[in-house]
Amino acid sequence: LLNYGISIAKGKYIARMDNDDISLPCRFKLQYSFLEKNLDYIMVGSNVKTIDHNDKVLGGKWYEKMDYNTLYALLQFTNCIVHPSVMLRKRDLPVDLYKEEYYPAEDYELWGRLAKTKKIYNLPEVLFYYRKHSLNASFKQIILQRSAEKEIFRKNLLDLGLEFNENDLNFHQGIKNGEILFTDENINLLIGWLEKILYANNIKNIYNQKSLKNAISIHILNLF
């Protein structure tokens with residue numbers, strides 16, 4: 001449905017949101033202005049707050065201002081862009097936009113694919129309230145989400161030219177999802193794993209090496 005809707009849209013830009021979420025009044029103006037001034041960018045998101053069915057703020061997802069290279073590298077570790085917060089430049093979008101095999105994490109796969117050839121950005125302002133309710137987190141949905149996310153991690157690590165096994169992949173995903181206790185042993189495993197990623201990137205040069213180091217720091221800090 002998303003692909004079809006976008007294919008028949010006539011506008012210059014595509015703005016995403018779900019029907020029970022809230023966009024702040026300045027959201028579209030700021031995102032439109034950004035894309036109009038930055039023609040080399042294909043997409044812009046924003047920081048968000050999560051709310052419940054009564055509009056009570058539960059938390060959110062926000063990052064300090066970061067450049068494209070750091071944002072691209074951070075996608076190796078986590079989906080740092082909230083899907084319904086984005087605005088996209090329609091003319092630059094690929095034909096095979098959302099891929100069904102990555103449902104319900106197809107947005108995460110798309111961000112990484114777009115960022116390989118086009119610039120993406122996240123406005124540091126909170127411009128969007130994402131509603132969190134039981135339908136967001138059904139057990140079946142969580143299983144599907146984790147499975148799709150795992151395949152995206154696998155794809156990203158293979159693109160990096162990294163040699164890894166299933167335990168490595170589970171560790172990579174487990175760190176992101178807060179499922180790994182930070183014991184001395186696991187901290188040493190994490191350091192070794194991150195060094196492998198940096199070494200592989202230094203050879204393959206997928207990401208700017210300095211930006212990858214920045215992304216690792218941001219990712220680790222956001223785990224606490």
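The second largest pocket in this predicted model is lined by Leu-1, Leu-2, Asn-3, Tyr-98, Lys-99, Glu-100, Tyr-103 and Glu-106. Its volume comes out at about 200 Å³. Sort that lining by side-chain type and you get four nonpolar, one polar and three charged residues.

Now for a pair of helices. Two packed helices are described by the angle between their axes and the distance between the axes. Here the pair is H5, residues 139-159, and H6, residues 166-176: they pack at an angle of about 115°, and their axes are 10 Å apart. The crossing of H5 and H6 is right-handed. On the H5 side, the contact is made by Arg-146, Glu-149, Lys-150, Phe-153, Arg-154 and Leu-157. H6 brings Glu-166, Leu-169, Asn-170, His-172, Gln-173 and Lys-176 to the contact. By type, the residues where H5 meets H6 split into three nonpolar, three polar and six charged.

Here are the two sets of residues side by side:

Last, a look at one lysine. Lys-10 sits in the loop between helix H1 (2-8) and strand E1 (13-15). Is Lys-10 buried or exposed? Lys-10 counts as exposed because its relative accessibility is 82%, and the cut-off for exposed is over 50%. Lys-10 and Lys-37 are 27 residues apart along the chain, and their C-alpha atoms are separated by 21 Å.

Notes
Residues numbered from 1 in each chain as written. Predicted model: local features only at pLDDT ≥ 70, side-chain atom pairs only at ≥ 80, totals over all residues. Heavy atoms only, no water. 1 Å grid on protein atoms, 1.4 Å probe; cavity = no way out; pocket = protein on both sides within 12 Å on 5 of 7 lines; lining within 4 Å. Points joined across faces, edges and corners; volume = space filled by probe spheres on them. Nonpolar A, V, L, I, M, F, W, Y, C, P; charged D, E, K, R; others polar. Axes fitted to C-alpha atoms, helices over the stretch in contact; angles between N-to-C directions. Helix = DSSP H or I, 4+ residues; strand = E, 2+ residues; numbered from the N terminus. Left-handed = near helix turned anticlockwise from the far one by under 90°. Contact = heavy atoms within 4.5 Å. Buried < 20%, exposed > 50% of the residue type's maximum accessible area, 1.4 Å probe, protein only.
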